[in-house]
Amino acid sequence: MMKRYLLTLAVAGLAIFSACNKTEKKIASATLSETADNSKTIGTAKFYELSNGEIKMDLEINFASKADSNVAVHFHEHGDCGDMGMNTHGHWNPTKENHGKWGSAAYHSGDIGNIKLDGKGHGTVSVTTDRWNVKDGDLKGIIGRGIIVHGGTDDYTTQPTGNSGPRIGCGVIESVK
Ligand SMILES: [Cu+2]
Ligand SMILES: [Zn+2]
């Protein structure tokens, strides 16, 4: 009797879980590679549109040579990873704010910030925001932006970059059809 009750609970839980998932639609993604060797993938970013119009990003990094350290992540203006990531130019800044910590009084719309990597170089972050969309030519449009992984720690203060160190990883946000 108890077993059956638990099973019913589990099935109900699954149903609720999948119902929630249906409100998320995958709309964009980026594959991040080492700037020094773009055949080496060091992470992925997946973007989902929520039913309320906000965008959620799940970012995962696997960068063994950066184990037990912080890496700083930002969206940069251009989706060109050439010249060791320099072709992405500066931080994407559609709202003309200062560089800063995500969620603070002022920050760029792609200031994801520092991600702690574990002993294997693995780290994740999820961000949900109304600062992004996937509309062509829109001020908030993220398609075609670069994502840069830096080798240092973002101090969230130095303008306009956070003094985040060299550009060691890079990817381009592409729409998913
Ligand atoms: Cu950056
Ligand atoms: Zn910034």
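**Notes on strands and core**

1. Ser175 lies in strand β9, which covers residues 174–175. This is a predicted model, and the points below should be read with that in mind.

2. Is Ser175 buried, exposed or partly exposed? Ser175 counts as partly exposed because it has 14 C-beta neighbours inside 10 Å, whereas a buried residue would need 20 or more and an exposed one 12 or fewer.

3. Leaving aside residues up to four places away in sequence, Ser175 touches Ile27, Ala28, Val134 and Ile143. The C-alpha atom of Ser175 is also separated by 8.3 Å from that of Gly144, although the two residues are 31 apart along the chain.

4. The strands β1 and β2 run antiparallel and are joined by eight bridges, with Ser29 standing opposite Lys46 in β2; the two strands form a hairpin with six residues between them.

5. Strand β2 is in turn joined to β3 by seven bridges, again in an antiparallel arrangement, and here Tyr48 stands opposite Lys56 in β3. The hairpin of β2 and β3 has five residues between the strands, and in it Gly53 takes a positive phi near 90°.

6. The largest nonpolar core has 31 residues, and those with the most contacts inside it are Ile61, Val71, Val73, Ile147, Val149 and Ile173. Among the elements that give two or more residues to this core are β1 (25–34), β2 (41–49) and β3 (55–62), together with β7 (146–150).

7. Val73 touches Leu59, Ile112, Gly113, Ile115, Ile147 and Val149, when residues up to four places away in sequence are not counted.

Key: Residues numbered from 1 in each chain as written. Chains lettered and ligands numbered in written order. Predicted model: local features only at pLDDT ≥ 70, side-chain atom pairs only at ≥ 80, totals over all residues. Core = buried A, V, L, I, M, F, W, Y, C linked by C-beta atoms within 7 Å. Helix = DSSP H or I, 4+ residues; strand = E, 2+ residues; numbered from the N terminus. Contact = placed C-beta atoms within 7 Å. Pairing = 2+ DSSP bridges.
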